[in-house]
Amino acid sequence: MSNPFVRIVEPLDPKQPLKKFFNLSKLEDVRYARLPFSIRILLEAAIRNCDEFLVKKGDVENILNWKVMQHKNVEVPFKPARVILQDFTGVPAVVDFAAMRDAVKKLGGDPEKINPICPADLVIDHSIQVDFNRQSDSLQKNQDLEFERNKERFEFLKWGSRAFKNLRIIPPGSGIIHQVNLEYLARVVMDQDGYYYPDSVVGTDSHTTMIDGLGVLGWGVGGIEAEAVMLGQPISMVLPEVVGYKLVGNPQPLVTSTDIVLTITKHLRQVGVVGKFVEFFGPGVAQLSIADRATIANMCPEYGATAAYFPVDDISIGYLIQTGRDKEKVMCTKRYLEAVGMLRDFKNNSQDPDFTQVVELDLHTVVPCCSGPKRPQDKVAVSDMKKDFETCLGAKQGFKGFQISPDRHNSIVKFNFEGRDFELAHGSVVIAAITSCTNTSNPSVMLGAGLLAKKAVEAGLTVKPYIKTSLSPGSGVVTYYLRESGVMPYLSQLGFDVVGYGCMTCIGNSGPLPESVVEAITQGDLVAVGVLSGNRNFEGRVHPNTRANYLASPPLVIAYAIAGTIRIDFEKEPLGINASGKKIFLKDIWPTRNEIQAVERQFVIPGMFKEVYQKIETVNKAWNALDAPSDKLYTWNPKSTYIKSPPFFDGLTLALQTPKTIEDAYVLLSFGDSVTTDHISPAGNIARNSPAARYLTSRGLTPREFNSYGSRRGNDAVMARGTFANIRLVNKFIDKQGPQTIHFPSGETLDVFDAAERYKQAGHPLIVLAGKEYGAGSSRDWAAKGPFLLGVKAVLAESYERIHRSNLVGMGVIPLQYLPGEDAGTLGLTGRERYTIIIPEKLKPQMNVQIKLDTGKTFQAIMRFDTDVELTYFHNGGILNYMIRKMAS
C-alpha cells in the first residue's frame with residue numbers, strides 16, 4: 001500500500017517487529033489539529049483504504065476542510081475494523097448469508113466468497129426470558145428453558161461459526177453484547193496485518209454506541225448493512241456534522257450516571273442531533289468514569305445521534321488495565337495514541353476541536369430523575385414523579401397521557417396472591433427490573449443498588465411478593481463484585497435474584513406476570529407500572545400489561561419496588577414502615593458517593609475480569625454439547641418454524657432491472673409521529689389471536705411453544721405476519737389502538753398482514769404514511785424486511801431515524817420525505833387516495849420526485865437516497881442483491 005500518510009515507526013512494543021501506522025498528526029496541516037477526534041478516526045479509516053477510495057478522489061482535502069464541506073454531501077467510505085452482532089439480529093444475518101451462498105452458487109459463482117472478511121463477534125444475549133424469579137435457582141431454570149426454546153436457533157448459529165471464517169460466537173449466559181464488548185472485545189487500537197490503527201465497530205444493535213464511551217468509534221446499523229460490511233463493502237456516509245457537548249462542574253452527591261444520561265437525552269432531543277455525531281469535551285468529562293461515559297454513549301439512539309463519542313484519555317487507559325487487558329499491549333496503545341495526537345486531556349482546552357455547534361451542561365445542575373411513561377426523552381425529576389404521573393392519568397391519550405376519567409383516578413382493585421390479600425391502583429408497580437446494557441455495566445450504580453438494598457433490609461423494609469423483581473447483570477463480572485462485596489444476599493431478600501445474563505426485561509423478555517395480577521389490571525383497566533434500569537420504554541415493549549414504564553437508575557428501581565407505587569413523593573412520604581412502626585424515608589437508606597466509591601475500589605479488580613473472560617467461550621456446558629453440521633452450504637429443514645430460507649433472492653438474475661414508477665399505490669397504514677421499530681416489528685410475545693399465531697398453530701405448535709417474535713427472526717413467514725403487529729399501534733384509519741387497518745377496495749377492517757395479502761394478490765403496490773421520527777428505536781432489520789415482504793414499495797414521512805432509513809434503503813424500499821414545511825395535514829392528504837410516485841431514469845442523491853394522486857393533486861417529496869452508493873443499492877434492489885451480483889460475477 002503506497003500513500004504519503006503511512007510512516008514506518010520504531011516498534012511501539014519492543015517485543016514486536018516494526019509496525020506501520022497512519023500518522024495523520026504529521027500532515028503538517030493545522031487543520032488536522034482542529035478536527036473533532038471522531039472525524040479523525042473517519043479520516044484514518046478512509047486513508048487506510050485509500051487505494052480504493054479517498055486518494056483517487058482527493059477527498060482527504062475535503063475532510064480536512066470538514067467544517068466547510070459538511071453541508072456539501074461529501075461521501076466518506078468508512079470501513080470499520082470490526083462488526084458485532086447479537087442473536088436477535090445475528091440469526092437473520094446468518095440466515096441471509098446461508099441464502100446468499102445458495103444464490104451465488106445458482107448464478108455460477110463461488111459460494112464461499114460469502115464470508116466475513118473482518119472480525120465479527122456474535123453475542124447471544126436476547127433469548128433468555130424472566131420466566132422464573134425470586135427463587136435461588138431462577139438463573140438455572142431460565143437458562144434451561146432458554147435452551148429448550150431456542151435449541152434449533154443455537155444449533156444454526158453453531159453451524160455458522162463453523163461454516164464461516166472470522167465469525168466468533170459468544171455463548172448464551174455470558175452477558176450482554178455491549179458490556180462484553182466494553183470489558184473484553186474492544187481493542188481501542190487494532191494491531192493487525194502489520195499496522196496499528198484505531199479500533200472502530202458497527203453493530204446490529206442500536207446501542208453499539210456504548211463502546212464510544214471507551215474511545216472506540218462505533219454505532220448501530222441494520223443487519224443487512226452489517227452483512228455488506230462483513231463482506232468488505234464500506235459504509236458510505238455523508239460527512240456528518242459534529243455537535244460538541246461540553247461538560248463542566250461536578251455531579252451532586254445523590255446523582256447517578258442514569259440521571260445524567262436521562263438529562264442529556266432530553267437536552268439533545270431538544271437540540272436536534274439526528275444524523276449527527278456528538279463528541280463530549282470539557283473538564284466535566286474528567287469527572288466521569290468509563291462506565292459513566294459508556295452509560296451516556298449507550299443511550300445515543302434515544303437522543304437520535306449517529307455516534308456519541310468520548311476520546312481516549314488516561315482514565316480510558318486505566319480502565320483497560322482495570323478490566324484485565326494485557327499491560328504491555330495497553331502501554332503500546334497509549335504510545336500509539338500519543339504518536340498520532342489522539343490521546344485527549346479534557347482539562348486542556350487548547351486541545352478542544354472546532355465543532356459544528358457547541359452545547360453545554362453543568363453537571364452540578366443534574367437532579368435525580370426518571371423518564372417516562374412512554375418515551376426515553378420524557379425526563380421527570382424524581383421530586384415531580386407523583387404529580388407528573390397523576391397529570392398523565394387524565395391527560396389526552398398520547399406520549400404523556402392515558403385519558404382516564406377523573407372519577408376513576410383513585411380506583412382500587414383487590415386481589416389475592418399466594419393466599420394473601422393485596423390491592424392494585426393506577427400507578428402500582430408490578431415490574432421492577434435491574435436490567436439492560438445501559439446500567440448493569442456500571443459498578444457505581446450496581447453497587448449503589450446493592451448498598452441501598454442492604455440498608456433497606458437492615459431497616460426492616462420489604463418488597464410486596466406479587467411485584468415481578470429481577471436482576472439481569474450485563475456480565476459475570478457484575479455478579480462477582482456484588483457477591484464479593486457482600487451485598488448479594490440483601491438484593492436477594494428484596495427479590496432481586498440473578499435471573500439471567502441478557503437483555504431480558506429491557507427488550508420485552510419480561511416473562512409472564514402472575515395471573516391474579518393480570519386479572520386485577522384488566523378488571524380495573526389500571527395503568528400499571530414497570531420500572532426498569534433500561535434504555536427504552538416504548539408502548540407495548542416492556543410488557544403488554546404495563547401501560548406506564550419508567551427508566552430509572554438501579555437504586556431507584558429498588559426504591560420504587562419497596563414503595564410499590566410510582567405515586568410517592570420520596571421527600572415527604574416514607575418508603576415504608578418497619579415492624580417497629582418507624583417510618584423509613586429514602587434519604588435514610590440512600591448510599592453516599594464516598595461509600596460506593598470505597599467499595600468499588602476494594603472489589604472491582606482486574607483479577608475478576610480475567611477469571612470471567614478467560615473461559616467465556618467454553619463455560620456454557622449446554623452450548624458445548626450442541627451438535628451442528630460443518631457443511632459450507634446449509635441444509636434447510638422445511639419443517640422448521642425458526643430457520644427458513646428467505647424469499648429475498650428468488651428469481652435474482654445477474655442483469656439489473658430498471659426501477660419503475662410506482663403506480664396507483666394504496667396506503668396500507670397512516671401514522672403520526674414517533675412510530676418506532678417496536679411498532680413496526682415487535683420483539684415480544686406473539687398474541688394468540690394474531691396472524692403469526694395462526695400460522696404457528698397451523699404448523700402444529702401450541703401457544704406455549706410460540707416463543708417470541710425476536711426469537712423467530714430466522715423465519716420470514718412468522719416475521720412478515722408479525723409486521724405492524726404491536727398491540728399499541730395507532731393507525732389513523734382505525735379509531736382504537738391495535739394492529740389493524742382498512743382494506744379500501746372492500747372497506748373491511750383486517751389485521752395488517754391479511755390486508756396486505758389481499759392487496760398483493762390483486763397486484764396493488766402499497767405505501768405507508770408517517771410523521772416525524774419514523775423508525776426510532778432498535779436497529780432491527782425486520783422493520784424494513786417485513787414491510788418489503790408485505791408489498792410496501794415506499795414510505796412517505798416527515799423525518800426518519802438514521803438506522804431505519806438506512807435499512808429501508810438496504811431492502812430497496814424508497815424512503816420519501818415531505819418538503820420542508822409540508823406534511824400530510826398541509827397537503828390535505830387523508831391516506832385514502834391512491835399514489836403514483838414518478839421514478840426518473842436518471843437519479844441523484846436527495847432529489848425531488850413527483851407524486852400524483854388519483855384525486856388530481858400533485859406534489860413533490862425528497863427521495864432520501866443520500867449517497868451515490870445508496871442509489872447503486874436501489875438499482876440492484878437492495879444491498880444484499882448488490883453483494884450477490886458482485887460475488888457471483
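1. A residue counts as partly exposed when its relative accessible area lies between the two cut-offs, under 20% being buried and over 50% exposed. Lys-334, with a relative accessible area of 23%, is therefore partly exposed. The structure discussed in this note is a predicted model.

2. Lys-334 has a charged partner. Its side chain meets that of Asp-314 in a salt bridge, at 3.4 Å from N to O. Asp-314 belongs to helix H13 (residues 314-322) and Lys-334 to helix H14 (residues 327-339), so the pair ties together parts that are 20 residues apart in sequence. Asp-314 has a relative accessible area of 49% and is for that reason also assigned to the partly exposed class.

3. Because 11 of the 15 residues of H10 are buried, the helix is largely enclosed by the rest of the structure. Among the buried residues are Ser-257, Asp-259, Ile-260, Leu-268 and Arg-269. Gly-272 follows H10 and has a positive phi, near 90°.

4. Which residue forms a salt bridge with Glu-773? The partner is Arg-269, with the closest N and O atoms 3.3 Å apart. This pair links distant parts of the chain, 504 residues apart: Arg-269 is in helix H10, whereas Glu-773 is in the loop between strand E29 (766-769) and helix H30 (782-790). Glu-773 has 21% relative accessibility and so counts as partly exposed. Arg-269, at 18%, counts as buried, since the cut-off for that class is under 20%.

5. Arg-269 also takes part in a salt bridge with Glu-801, again given as 3.3 Å from N to O. Glu-801 lies in the loop between strand E30 (792-797) and helix H31 (802-810) and Arg-269 in helix H10, so the pair ties together parts that are 532 residues apart in sequence. At 6% relative accessibility, Glu-801 counts as buried.

6. The wider set of charged pairs may be noted briefly. Side chains of opposite charge can pair when their charged atoms come close. In this predicted model, the count comes to 38 salt bridges. Arg-805, Arg-864, Asp-866 and Glu-870 are joined to one another in a network of salt bridges.

Note on methods. Residues are numbered from 1 along each chain as its sequence is written. This is a predicted model: local features need pLDDT of at least 70, side-chain atom pairs count only at pLDDT 80 or more; totals for chains, interfaces and linings use all residues. Side-chain values use heavy atoms; hydrogens and water are left out. Buried means under 20% relative accessible area, exposed over 50%, partly exposed in between (1.4 Å probe, protein chains only). Helices (H or I, at least four residues) and strands (E, at least two) are DSSP runs, numbered from the N terminus. A salt bridge is a side-chain nitrogen of Lys or Arg within 4 Å of a carboxyl oxygen of Asp or Glu.
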